[in-house]
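The text below goes through them in turn.

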Amino acid sequence: MSSNRSIIPICAGLALLIGWAVAPLDQSIAERLGQNSEVETLRNLDSQFGQGLSVAILGGYRSVAANLVWLAMNQNWEQRDLVGTLGKLAFATSIDPRPELFWLNGSRIIANDMPTWVIGIDNTDLQVESAERRAIASQFANRALGFLEGSRVYHEQNPKIYIEEAMILWRKANDLEGAVGRFEQAIRAESPPFYVYRVYGELLVKLDRKEKALKLLETHYETLSEDSIEAMKPVVADRIRNLRRELGH
């Protein structure tokens with residue numbers, strides 16, 4: 001109980017420090033957006049933040065501080081505050097780049113939510129109708145990819161990062177070739193999830209590379225355990241049979 005009480009003033013002090021530190025960063029972004037309202041300005045904001053920010057001062061409490069910033073970011077997100085959300089996403093990952101959640105959820109906010117804030121629609125699944133809207137969606141997709149680039153130091157072998165990039169390229173930027181490259185990186189990373197092979201195979205089929213998709217799934221099938229529900233070995237077997245039939249094998 002005493003240890004829990006002793007950390008309260010530390011957390012309170014960190015919260016005050018973070019509030020003081022984040023405000024000018026948010027303002028700096030606001031000033032830039034005020035000078036140039038074009039959405040591509042967002043690509044150039046990374047220079048506002050450095051990896052060494054307050055780590056020496058925070059010491060062992062950097063995880064606590066980063067989580068406090070992340071919680072503060074949620075309020076900006078609820079208010080659709082683009083400037084504040086971007087600032088705190090960058091600040092949280094600068095303080096502590098280790099949590100996978102920061103990178104994955106942060107990139108989803110940028111790629112999925114922020115375009116709708118700018119466009120002024122509520123449904124993220126709505127088709128972008130005009131060239132201007134498509135451009136905005138593409139620009140935020142690129143911004144999300146740029147954000148994920150910052151994860152490489154701690155997550156170079158994390159397949160989930162490459163999968164997230166692949167899905168952004170596929171679904172948001174309509175860059176199927178780029179998505180293929182990221183899926184390749186995902187399956188070469190450490191312990192890729194089973195589903196990535198199935199999704200990657202479907203993208204290859206969509207690109208009419210059925211021979212490559214078949215070879216991928218056949219190789220993957222040989223590694224699957226009969227006892228693993230997640231592996232979905234019967235599903236993979238069905239897909240292999242269908243592809244063989246389509247290709248006349």
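Phe 102 is buried, with a relative accessible area of 2%; buried means under 20% relative accessible area, exposed over 50% and partly exposed in between, with a 1.4 Å probe and protein chains only. This is a predicted model, where local features need pLDDT of at least 70, side-chain atom pairs count only at pLDDT 80 or more, and totals for chains, interfaces and linings use all residues. Residues are numbered from 1 along each chain as its sequence is written, and side-chain values use heavy atoms, leaving out hydrogens and water.

A search of the whole structure finds 4 aromatic pairs. Rings of Phe, Tyr and Trp (its six-membered ring) pair if their centres lie within 6.5 Å; planes under 30 degrees apart count as stacked, over 60 as edge-to-face and the rest as tilted. Trp 70 and Phe 102 form a stacked pair, 4.7 Å centre to centre with 15° between the planes. Trp 70 is also buried, at a relative accessible area of 9%.

Trp 170 and Phe 183 form an edge-to-face pair, with 6.4 Å centre to centre and 80° between the planes. Trp 170 counts as buried at 9% relative accessibility, and Phe 183 counts as buried at 0%. Ring pairs link Trp 170, Phe 183 and Tyr 200 into a cluster.

Charges also sit over rings, meaning that NZ of Lys or CZ of Arg is within 6 Å of the ring centre and within 35 degrees of the ring normal. The charged end of Arg 171 sits over the ring of Trp 170, 4.4 Å from its centre. Over the ring of Tyr 221 sits the charged end of Lys 233, 4.7 Å from the ring centre.
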